[in-house]
Amino acid sequence: MPFTIGVIAGIYLGDFIISSAVFPLLLPLILIGSFTLLPLTEKMPYQRRWVYGIPLHTFLLTAGISISLVNTERFYPNHISRLDEKPYQFIVKAARNTIEKEKSFRLETEVICKYENGEQKNATGKLILYLQKDSVSSTIKYGDVLLINTTLQQLRETQNPAQFNYKKFLLFHQITRQTYIPSGSFVFTGVNKGNPVFKWIYNSRDFMLNILRKHGLEGREFAVGAALILGYTDELDPEIMRAYAGSGALHVLSVSGLHVGIMYMVVAFFLSALGFDKTRRGTIVMAIILILFLILYAMITGLSPSVLRASVMFCFIVGAKFRNCHTNIYNTLAVSAICLLIYDPYLIMQVGFQLSYLAVIGIVAIQPLLVDLWEPKTKMMKWVWEITCVSVAAQIATVPLGFLYFHQFPVYFMISNLIVIPLSTGILYVGLATLLSAFIPTVCDYLTLILKWMIWILNKSVEITEALPYSVLGGIDISIIETWMLYMVVLALFVFFTQKKIAGLYVSLIALLIISVTQFIETVEQNSQQQFIVYNVAGTAVYDVIRGRRNQFYAPTELINDKDKMLFNIEHNWWKVGLEKQEIINLDSLQSHSGLYCFPLNDKKIITVNNRYSSELIYSGTLKTDYVILSQNTTLPIEQVAKYFSPKLIIFDSSNSTKMRNKWIKQCTKLKLKFYDVVEQGAFVAEF
C-alpha cells in the first residue's frame with residue numbers, strides 16, 4: 001500500500017516535485033536514510049513494531065515516488081514536450097503497427113532525433129502520427145524508420161463537459177504530442193530498427209490472423225475470435241462492443257487471467273504427458289518452458305494489464321511449484337503488482353490494471369464465502385453455482401469502478417456468464433487447435449467452420465441478453481469520493497461477515513450515510529440548475545438548454561442518429577447533470593426561413609444566426625441580446641451583428657469553417673467585440 005500510494009503521488013505531484021528547489025535533493029536523502037534505518041530497527045520487540053514500520057513505510061513510499069519520477073519521460077531534458085510549436089524534421093520509429101481509421105492511419109512512434117537548421121540534435125518522446133492514406137502509409141510496420149517534416153501539436157483539453165479526457169489518457173501512456181502528416185511530408189527510409197523479438201512476435205500474430213482469414217473466418221466472427229484468442233481488438237466494431245458491455249460479457253473480448261490460465265493448463269498437460277515432471281531435470285526444463293511460454297503469450301496478445309498480471313502471477317506459481325514452496329495468493333498478487341509497477345508505474349492508472357487486480361481479489365476473498373452458502377445436490381448444479389459465485393464475487397469487487405468509468409451496470413451478467421465463460425473457453429481450445437492444424441488444410445477448414453459457428457452462437461447469445469428489457473442500468477454518475485465510500489462499504493461488510501466485528505457494520509453504515517448526503521446535495525443542485533451549452537462537435541451545430549433535470553437538445557439528424565458520437569460528446573454530461581427527461585429537437589426540421597432562432601431560457605435572450613439569413617434584411621431598431629451564435633457560415637457581417645443585436649458575447653459554433661471563423665475573429669478584434677470560438681476554446685457553457 002505505501003509503495004502504491006507513492007507511485008500515485010509521483011504521477012500526480014511529479015511536476016510540482018521536479019519544479020521544486022528542495023524535493024529533488026530531499027527524496028534521495030529520505031530514501032537512503034530510511035533504508036539505512038531498516039536493519040537498525042528490525043529486531044525491535046513486537047510491541048514496538050511501529051518503530052520498524054516507520055522507516056519501512058517511509059522507504060516504500062519514497063521508492064514509489066522516485067520510480068514514478070524516473071519513469072516519467074516528459075521530465076527528460078530532450079523530451080519533445082519542451083519544443084516550440086514550429087516546423088521540425090524528426091527521425092521516428094514505429095512503436096506499433098498502423099491502425100486504420102476512417103480518414104487516416106494512426107501510428108504510435110518513438111522519436112529518435114530531430115533536425116533544426118540542418119543540424120541533428122537529440123530528442124526523445126512518444127508521438128502519435130495520423131498519416132494520410134496512400135500506398136506507402138498502408139505498408140508501415142513496427143520498427144520502420146520515417147523522416148517526417150511537421151509542427152507538433154499539443155494534446156487538446158476535453159472539448160465538451162464531462163467528456164472522456166483523451167489528453168489525460170494519452171499522458172498516462174507517456175504520449176504528449178500528436179500531429180497529422182500529409183503524404184508529401186514523410187519519407188519511409190527503408191530502415192527497420194525494431195526489436196527482433198517484438199518483430200518476430202508481431203509477424204507471428206499477423207501470420208496466425210491470416211490463418212484464420214484464409215480458412216474462412218470473417219466479419220464479426222473474425223473480429224471476436226481474434227480478440228478472444230490473440231488479443232487483437234482493432235477490428236471490433238462499436239456495436240458488438242456495446243452488446244458485450246451491456247450483457248456483462250465484455251471481459252471475454254480482452255485476453256485476461258482466464259485465457260492465460262487455460263493456455264497454462266494446456267501446455268502443462270502436454271509437458272506432463274511427455275514425462276517432463278518425472279525427473280528433477282525434467283521439472284526444471286518444464287518450469288523454464290512454462291515461464292517462457294507465459295512471457296511469449298503475453299507479448300503476442302499485446303501485453304495488456306490483465307495479461308501482464310496473470311502471466312507474472314503464474315510465473316511466480318511455477319517458480320514456487322518448482323521449489324516445492326507454498327504460495328499465498330495475496331502475496332503473489334502483491335509481488336506481481338510491485339514488479340509490474342517497477343517496470344511501468346503508469347500501469348496503475350490504466351482501467352484494465354485496476355479492474356484485473358480487483359476482480360482477482362474479489363474472487364479469492366468473496367467467492368469461497370458465497371460457495372459455502374449452498375451445497376448443490378448434482379454436479380451440474382454445483383458447476384452452475386460455482387460459476388455464478390465467481391461472477392458475483394468479481395462483480396462486487398469491480399462494480400464501483402464500473403460506475404465511475406462506464407456509468408452502467410449489466411443486470412443479466414450472471415445469466416450471460418453462464419453461457420459466455422464455458423463457450424469462450426471452448427472457443428479458445430478450438431482456436432488453438434485451428435492454429436496448430438494450419439499445416440493440414442482440410443482439418444484446419446473443418447476446425448475453422450466449428451470455430452465460426454461457436455463464435456456466432458456466442459455473439460448471438462450476447463446480443464439476445466443485451467436486448468432483454470432493462471438489461472443495462474445506464475446513466476450512473478458517481479464521484480471519486482463516492483467510489484471510495486462504496487469500496488469502504490464492501491470492505492467493512494466483508495470484515496463484519498468474516499470477523500464478526502460489529503465495527504464493520506458501523507463503518508459501512510457511515511460510508512452509506514456519506515454517499516446519501518452527497519447524493520442529496522447533488523440532487524438539490526441539479527433541481528435548480530439552469531444552463532445553456534454550445535457543444536463542440538466537428539462540423540455540427542449542437543445546443544442544449546437545461547432547466548432543472550430536463551432539457552431541450554438541438555442537433556441535426558445525422559448526430560442524433562449517431563450513437564457513438566452522442567455517447568462520446570453529449571450523453572456523459574446528461575448523466576453528470578442528472579437529466580431525467582430529454583426533449584430532442586431536430587435542427588433540420590426547424591422552419592426558420594429568416595435564418596434566426598431564439599432559445600427559450602427565462603429572461604435570457606439567445607439567438608442563433610445560420611446560413612438561411614439574408615444579409616439584405618434591414619432592422620429599424622436594435623434587439624439587445626445576451627448571446628448571438630453564428631452558425632453554418634452565415635453571411636451576416638459582424639458589423640450588422642453588433643448593430644442589430646448589440647450582444648454581450650458573440651459565439652462561433654463548430655459548424656463554421658476555419659476560414660470563416662478566422663475572418664470573424666479579425667473583425668471582432670478590430671471592433672473590440674467579445675467573442676468565443678467553440679472550435680478553439682471548447683464547448684461554451686453558461687450557467688444562470
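## Salt bridges

E110 is partly exposed, with a relative accessible area of 32%; the term covers values between buried, under 20%, and exposed, over 50%, with a 1.4 Å probe and protein chains only. E110 forms a salt bridge with K93, and their closest N and O atoms are 3.7 Å apart. Here a salt bridge is a side-chain nitrogen of Lys or Arg within 4 Å of a carboxyl oxygen of Asp or Glu. Because K93 lies in strand β1 and E110 in strand β3, the pair ties together parts that are 17 residues apart in sequence. K93 counts as buried, at 17% relative accessibility. Helices (H or I, at least four residues) and strands (E, at least two) are DSSP runs, numbered from the N terminus.

The structure holds 14 salt bridges. In one of them, the side chains of E116 and K86 meet at 3.4 Å, N to O. E116 belongs to strand β3 (residues 104-116) and K86 to the loop between α3 (49-70) and β1 (88-94), so this pair ties together parts that are 30 residues apart in sequence. R220, D237, E239 and E463 are linked in a network of salt bridges.

## Basis of the model

The model is predicted: local features need pLDDT of at least 70 and side-chain atom pairs count only at pLDDT 80 or more, while totals for chains, interfaces and linings use all residues. Residues are numbered from 1 along each chain as its sequence is written, and side-chain values use heavy atoms, with hydrogens and water left out.

## Nonpolar core

A nonpolar core is a set of buried Ala, Val, Leu, Ile, Met, Phe, Trp, Tyr and Cys residues joined through side-chain atoms within 4.5 Å. The largest has 55 residues, and those with the most contacts inside it are V224, Y244, L290, I427, L451 and L458. Helices that each supply at least two residues of this core include α5 (196-214), α6 (219-230), α14 (413-436) and α15 (441-467).

Beyond its neighbours within four places in sequence, V224 is in contact (heavy atoms within 4.5 Å) with residues including L236, I240, Y244 and L458.

The 26 residues of helix α17 (residues 502-527) should span 38 Å at 1.5 Å a residue, which agrees with the 38 Å between its end C-alpha atoms. The expected span is 1.5 Å times one less than the number of residues. Among the buried residues of α17 are G504, A511 and Q526.
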